[in-house]
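Biologist: Before I rely on this structure, could you take me through the terms used for it and the cut-offs behind them?

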Amino acid sequence: MNTDEVRACMAVAAAIDPTMPAADDDVVAVWAAMLDDVPGKIGASAVHWYYRSDAYRDHKRTITPADIFGYYKRQANDWREKQKAKEIIAAERAIEAAPRELPSIHGLFARFQAEKRGQDPDMAEADASARRFVMTVTCPYCKAQPGQQCTTITGRVLARELAHPKRIEVAHAHI
Ligand SMILES: [Zn+2]
């Protein structure tokens, strides 16, 4: 804070606190020297904060440069903590966004369906990939072509099982 900023800051304090010393040149020079490394814009908010604090309510002591510096230090710490938190969040997001195994649309859909039904999405995804694996071969039982799901005699898609057991055997034999 320069001398002008100190004067402005002391004027704010004087408006609140009748015991505030007059801002004569010597006092201003001392304050400015002590608050040399504190940004000027901190001044007024430090005064407001100080005169609203519980500490002031208790002891009614006139503000000093130490109070302003203390406020600034706390603000700077808060700001650094927030920055750190932001960096941690950004790092976590970057890790999450990093391409792991490319999720297949089938797997995602299976997860989505499972979550809707309150089932375990990991299991559902595993099921979906097992089904895709089995569906790479033709079913010897119902003749479902690669990419098609097994169907019953009446033409309905098998819901409970992944595929006909014969097809699963054939798929495994192809590994
Ligand atoms: Zn089949």
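Modeller: The protein chain averages a pLDDT of 86, and 94% of the residues score at least 70, where pLDDT is the predictor's confidence in each residue, from 0 to 100. This is a predicted model, in which local features need pLDDT of at least 70, side-chain atom pairs count only at pLDDT 80 or more, and totals for chains, interfaces and linings use all residues. Residues are numbered from 1 along each chain as its sequence is written.

Biologist: Where is confidence lowest, and where is it highest?

Modeller: The lowest mean, 75, belongs to helix α6 (residues 105–117), and the highest, 94, to helix α1 (residues 3–16); helices here are DSSP runs of H or I with at least four residues, numbered from the N terminus.

Biologist: Why is α1 called roughly parallel to α3?

Modeller: α1 and helix α3 (residues 42–52) pack at an angle of about 25 degrees, with their axes 9 Å apart; axes are lines fitted to C-alpha atoms over the stretch in contact, and angles run from 0 to 180 degrees between N-to-C directions. Angles under 35 degrees count as roughly parallel, so α1 is roughly parallel to α3.

Notes:
Helices (H or I, at least four residues) and strands (E, at least two) are DSSP runs, numbered from the N terminus. Angles under 35 degrees count as roughly parallel, over 145 as roughly antiparallel, 65 to 115 as roughly perpendicular and the rest as oblique.
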